[in-house]
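Q: Hi! Could you walk me through this structure?
A: Happy to, here it is.
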Amino acid sequence: MSVNVFVILGMGLAVGFISGMFGIGGGFLMTPLLIFTGIPPAVAVASVSSHIAASSFTGAITYWRRNALDLALAAMLLSAGIVGTATGVWVFTGLRALDQLDLVIGLSYVTLLSVVGALMIYDGLRAEIRTHQGMPATVRRPGSHTWVHGLPLKMRFKRSKIYVSVIPVWAIGFVIGFVGAIMGIGGGFLLVPMLIYFLRVPTATVIGTSMVLTLITMASATVMHAVTNHLVDAILALILMVGGVIGAQFGARAGQLMRGERLRLLLGLLVFAVGLRFAYELAVRPDDLYSLRHVGSG
Amino acid sequence: MRRALILLLALIGCGAQGPALAERLVVSLSNHQVLVLSNFVGEDLVLFGTIEPDAQTTARASGYDLVVTVTGPRETLRTRRKERVLGLWVNVDSREFVRVPSYLAVLSNRPVGQIAASETLRRLQLGLDNFLLTQRVGFDLADTVPGDPFRTAFVRLETQAGRYSELASAVRFLTPSVFRAAIPLPADAPVGSYTVDVKLLADGALVGRANSELSVSKAGIEQYLAEAARNSGLLYGLATTLMALLTGWIASIVFRRD
């Protein structure tokens, strides 16, 4: 595999900038970019996991210093997250043996990114229209009680000041872990909205908590991918990390200059565009219909 | 050139010899041990050889032809073909090529097709098209016909990657009986032992044969990492994770704002 070091470093910087700006890990951008550069999807997914572990660790430390972490909530999400990651890595291995891994990675990206992107664009546009009409941009959330709050096994999370059933917490943890292992994304851009909408986690603790979860699921995904598929490329990961953490610092500063709703609209457009790019990739006749996969030596 | 001649003189008398063949073929490689470091950009190995006609055989009027086949360590690969399913391009069909060379170079003094009749070429496995590439068919293993689409695609992809090659002018005759061949090793030459099979033909028939071997081994940090990734996945994964945490921690210190 020969890819220019500076191209990778530049991609790390660019994605780091975006991740710092929007407060996300950036895996959903990094993995596709690597794939479009010609790195095999399997290697990209496995190596990006460690890159996200690095950037979310930086974030988690920052939030820990500000005392904005809910460790109890993170631990509950995590217990299911690890199971989700292990299941994801197992499915990943199976799909690779069936030669359908690239297709599933592609399809997952198309579905997830276009749906999430469309929702974000819708939300962002609505906020834009509201500001134009002179109304406050943020819509007040509907009543704080939903069906989620009727589930049993309730638990109190002091730091976030919520009292919810552990069932949705586990479900969210599992989904994030599973999706992360298959797609090579930290899932921050999914986890944050899920925590806000389903569990009503306050904004004060949501990002920090999500970063702790991302950190641990991605760190364990790196180890599991290295053990089962031997696909992690440490050199590639290191270059990405270095670019990513530097870019994130500048991105965070740029993000503070922009209003939250506009930021979300922009992120939505970005997410949607990446989803479309994947759809294009799957729908257009490839240059070469044939490809090789190494099965074994000897 | 002088070095080459000394090499040749030293070699005469220790070469391989086919039992029932008329010509004695003596070959030597410039280097039997190729050490690939991280700055390796590929290398041409040089093969020298001489042809000694038997006392009984008269000089051949039409001259000699040489085909050198270099094969790398064996591996198993799957060739997959995408087809359109519900508007999407999906890997539908695939064939497994079992224990095929990870490196294959066919060097000759003129296009292989001109050297002998196609029947002879096939029997002697001369040229990329005639090399035996075993394919798994159900539970059996079988050779493939040269026109098989999966075989064609396999050879094409390997050729594009620089691992397979057929070079029709890589063998040069320095005198009518002394020859030299350049074996191109790519930068990502597979590690392992290679065999060099030299076949001498005259008038479209095999008249001499010799073998040699070489080994490619890697050294340096990249090889160390590649081996670690394969042999001790857990340790490698933990080390990568530790590296990630360290990078993240350093970044949080360096860019600390509060």
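A: A word on terms to begin with: two strands pair if DSSP finds at least two bridges between them, and helices (H or I, at least four residues) and strands (E, at least two) are DSSP runs numbered from the N terminus. This is a predicted model, where local features need pLDDT of at least 70, side-chain atom pairs count only at pLDDT 80 or more, and totals for chains, interfaces and linings use all residues. Residues are numbered from 1 along each chain as its sequence is written, with chains lettered from A and ligands numbered from 1 in the order in which they are written.
Q: Great. How many bridges join E3 to E12 in chain B?
A: There are 8, between residues 43-53 of strand E3(B) and residues 178-185 of strand E12(B), and the two run antiparallel. B:Glu43 has B:Leu185 as its bridge partner, while B:Val46 stands opposite B:Ala182.
Q: And what joins E1(B) to E3(B)?
A: Those antiparallel strands share 7 bridges. In one of them, B:Ser28 of chain B partners B:Phe48 in E3(B).
Q: In what order do the strands of that sheet come?
A: E1-E3-E12-E11 in chain B, an open antiparallel sheet of 4 strands. E1 (23-29) and E11 (171-175) are the edges, each pairing on one side only.
Q: Switching topic, how many residues of chain A are in contact with chain B?
A: 41 residues of chain A meet 40 of chain B, counting a contact when C-beta atoms, placed from the backbone, lie within 7 Å.
Q: Which element gives the largest share on chain A's side?
A: H3(A), with 9 residues.

Conventions: Two residues are in contact if their C-beta atoms, placed from the backbone, lie within 7 Å.
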